[in-house]
Amino acid sequence: MDYFFTEEQEMIRDLCRQIAEERIKPVRAELDEKEQFPSEIMKALAQADLFQIIIPEEYGGLGGGCLENCIAVEELSRACCGVSTSYAASFLGAYPILLYGSEEQKQEYLPLIGSGDEYCAFALTESASGSDAGSIATEAKKDGDEYVLNGSKQWITNGGEAGIYTVVAITDRSKGPRGASAFIVRDGDPGFSVGKKETKLGIRASATAELIFNDCRIPASRLLGREGLGFVVAMRTFDKSRPGVGAQAVGVAAGSLDEAAAFARTRKQFGKPIITFQAVAHMLADMATEIEAARALVYATARYIDSGAKDFSKVSAMAKVFPSDVAMRATTNAVQILGGHGYMRDYPVEKMMRDAKILQIYEGTNQIQRNVIGQELNKEYGRKK
Amino acid sequence: MKIAVCIKQVPDTANVKLDPETHTLKREGVESIINPFDLFALEAALRIKEQAGGEIVAVSMGPPQAEEVLKEAIGYGVDECLLLSDRAFAGADTWATTAALAAGIQSLGDVDLVVCGKQAVDGDTAQVGPGIARRLGLPHVAFVKGFREVAEGRLVLERQMDDGFDVVALPLPGLITVVREVGEPRPPSLKGKMRAKKYQAPVMGAAELGLTPEQVGLAGSYTQVVKVFAPSASGDRRMLEGTPEETGAQVIDALVDNQVIMLGS
């Protein structure tokens with residue numbers, strides 16, 4: 001299918017495909033097995049200017065939007081979702097600065113993120129605060145021209161690898177969700193440390209760690225936007241980033257179709273390639289159809305966001321929930337088509353199936369996404385009366 | 001530091017056709033790529049620039065379409081390019097090629113370092129790098145596999161040998177040829193590729209380089225290709241068994257018996 005990319009978008013796709021083939025595929029099984037952060041690949045992505053994609057040109061970037069981001073993430077995910085998670089998490093951490101940073105903050109941090117000299121991470125989730133983001137416990141108290149942070153964040157992607165963290169903490173508990181604020185924390189800030197690195201089912205090439213704030217002192221100038229904007233920052237960030245998760249899902253699903261279709265053409269049973277059996281061919285046909293539908297939804301949503309639209313929470317949630325459900329089905333069926341081979345680690349599809357599961361969970365579970373879509377529908381149809 | 005990198009456009013296939021008249025490779029109609037060893041030369045130059053700063057100029061001798069590999073080099077991050085292209089350059093052997101490349105590098109002004117791949121995958125001679133050094137009167141180190149020190153006026157290099165490696169200090173200006181161990185080539189960059197789209201490499205011919213037609217191309221070549229053929233893959237095979245000493249002795253015996261070699265008395 002031709003999605004009428006610009007020359008620049010095609011360049012991004014081709015370059016990411018090249019890096020995926022040459023750098024990621026040969027090592028993905030090893031990174032997964034050893035649960036190892038892909039430092040060399042991240043360096044190559046930086047050298048290829050891929051961290052510049054969404055950084056505006058005035059800060060040295062390429063000035064791309066959501067679609068450019070999705071194109072890159074999809075291609076990288078087709079080879080390894082663990083690598084693409086490490087890559088995309090840097091943008092997740094950068095969005096709060098892009099959206100709410102002051103001119104000084106943008107000038108200080110965006111060039112570092114764009115060059116890949118520093119990786120970025122976004123820290124909202126806590127051990128007792130997942131889908132109920134309003135219940136976060138980490139506090140930030142103003143003390144002169146500093147803020148003092150106390151608490152901990154859990155399951156933070158790029159934790160321990162990033163140099164720049166955007167952190168949501170409570171500045172005024174009496175105001176409830178309007179009492180949260182977002183801050184920039186640097187690796188090396190006094191009182192900041194990285195706790196346990198988690199072991200995971202999938203996306204094992206990405207680093208997931210606990211962040212600990214123990215009287216962590218940061219200059220007051222690290223506040224993003226103003227006090228009380230913390231949840232707005234988080235929600236707007238997720239609105240922007242969710243199609244990226246959808247793009248990961250399209251990539252993982254497409255990767256599993258690549259494997260399953262190629263296998264079904266060469267694997268013979270009863271004297272024939274198994275793709276000639278309708279039972280298998282129909283599974284592949286459904287995978288291909290759903291993947292194309294998911295891809296079209298992701299691209300259409302990304303283009304809508306890039307057009308400057310304001311009301312994109314609903315479509316952004318749709319562009320996460322549908323592709324990630326498709327990816328879970330497609331990768332599970334890829335394992336089924338490869339049968340015993342698919343269940344073995346000698347083939348990449350079992351990894352893809354393990355990787356796909358997180359896409360239904362992180363950056364807002366698919367249940368929360370359906371809540372968002374449902375609430376928006378309620379509003380829309382309420383207005384129509 | 002000003003670095004010149006020599007790159008060659010080579011055919012991207014094993015099934016290249018030969019010109020029955022000249023016995024040289026027919027390059028028309030075959031997809032072309034940067035000689036893979038030259039990608040390692042580019043990578044080496046980029047790493048040296050990262051440490052020492054400066055400028056990288058990629059130089060290629062070839063037909064007009066060789067501009068494509070120079071544009072590709074821009075994508076990898078070189079600063080400028082120079083294409084040496086002239087009908088008179090056609091049919092050049094390594095000697096005549098070094099005449100053009102040396103003159104091209106000289107035209108760039110004060111070049112501190114010339115970097116070449118160890119050899120091209122089409123000709124496989126490994127002569128052009130050292131030949132350029134000879135023409136330019138530069139010291140050279142071939143088969144460089146790593147850098148120990150990058151300093152003003154001096155490089156300390158690791159030179160790959162059959163049984164390990166040498167550590168060699170090279171005063172600059174100088175020339176090196178590199179092997180793949182020098183470092184995996186980085187991917188091209190998006191900004192580089194965008195620049196490459198618009199980039200037009202300056203072109204110089206024999207006259208602009210101050211070379212006469214007799215010095216370059218077929219006329220300036222001492223090599224005469226008499227016959228080129230694909231060796232037939234037929235022949236007997238015999239598997240030898242035993243310790244390396246025993247099988248070695250059996251190989252010698254077989255070679256002597258078949259009069260492939262003769263033992264002196």
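How far apart do the C-alpha centres of domain 1 of chain B and domain 2 of chain B lie?

Analyst: In this predicted model, the C-alpha centres of domain 1 and domain 2 of chain B lie 41 Å apart. The bounds behind that value are residues 2-215 for domain 1 of chain B and residues 235-265 for domain 2 of chain B. Confidence in chain B can be stated as a mean pLDDT of 90, with 94% of its residues at 70 or more. For the model, ipTM is 0.84 and pTM is 0.86.

One local feature of chain B belongs here as well. The peptide bond that joins B:Leu172 and B:Pro173 is cis, with omega at about 5°. B:Pro173 sits in a loop of chain B, with β9 (164-171) on one side and β10 (174-178) on the other. The residue numbers of this bond fall within the bounds of domain 1 of chain B, 2-215.

Chain B also touches chain A. Seven residues of chain B are in contact with 12 residues of chain A. On the chain A side, α1 (7-24) and α3 (39-47) are the elements that give two or more residues. Of the elements of chain A, α1(A) gives the most, with five residues. Sorted by class, this side of chain A has eight nonpolar residues, three polar residues and one charged residue.

Chain A itself has 11 helices and 10 strands. Its C-alpha atoms fill a box of roughly 80 × 55 × 40 Å along the principal axes. The radius of gyration of chain A is 21 Å, which agrees with the value near 21 Å for a compact globule of 385 residues.

The domain assignment of chain A gives three parts: domain 1 (7-118), domain 2 (121-228) and domain 3 (231-380). For domain 1 and domain 2 of chain A, the C-alpha centres lie 22 Å apart. Contact between these two involves 25 residues of domain 1 of chain A and 20 residues of domain 2 of chain A. On the domain 1 side, α2 (28-34), α5 (81-100) and α6 (103-115) of chain A each supply at least two residues. The most come from α5(A), with 12 residues. By class, that side of domain 1 of chain A has 14 nonpolar, eight polar and three charged residues.

Helix α4 (residues 66-79) and helix α7 (residues 230-266) of chain A pack at an angle of about 30°, and their axes are 7 Å apart. The crossing of α4(A) past α7(A) is right-handed. From α4(A), the residues that make the contact include A:Cys66, A:Asn69, A:Cys70 and A:Val73. From α7(A), they include A:Lys240, A:Pro243, A:Gly244 and A:Ala247. Counting the residues of both helices in this contact, the classes are 10 nonpolar, six polar and four charged.

Chain A has a backbone feature to note too. A:Ile203 has a phi near 35°, a positive value in a residue other than glycine. A:Ile203 is found in the loop between β6 (192-197) and β7 (208-219) of chain A.

To return to the request, the separation in chain B is 41 Å between the C-alpha centres of domain 1 and domain 2.

Terms used. Residues are numbered from 1 along each chain as its sequence is written. Chains are lettered from A and ligands numbered from 1 in the order in which they are written. This is a predicted model: local features need pLDDT of at least 70, side-chain atom pairs count only at pLDDT 80 or more; totals for chains, interfaces and linings use all residues. Helices (H or I, at least four residues) and strands (E, at least two) are DSSP runs, numbered from the N terminus. Ala, Val, Leu, Ile, Met, Phe, Trp, Tyr, Cys and Pro count as nonpolar, Asp, Glu, Lys and Arg as charged, and the others, Gly among them, as polar. Axes are lines fitted to C-alpha atoms, for helices over the stretch in contact, and angles run from 0 to 180 degrees between N-to-C directions. A crossing is left-handed if the near helix is turned anticlockwise from the far one by less than a right angle, and right-handed if clockwise. Domain bounds come from an automatic or database domain assignment. pLDDT is the predictor's confidence in each residue, from 0 to 100. The radius of gyration is taken over C-alpha atoms; the globule rule is 2.2 Å times the number of residues to the power 0.38.
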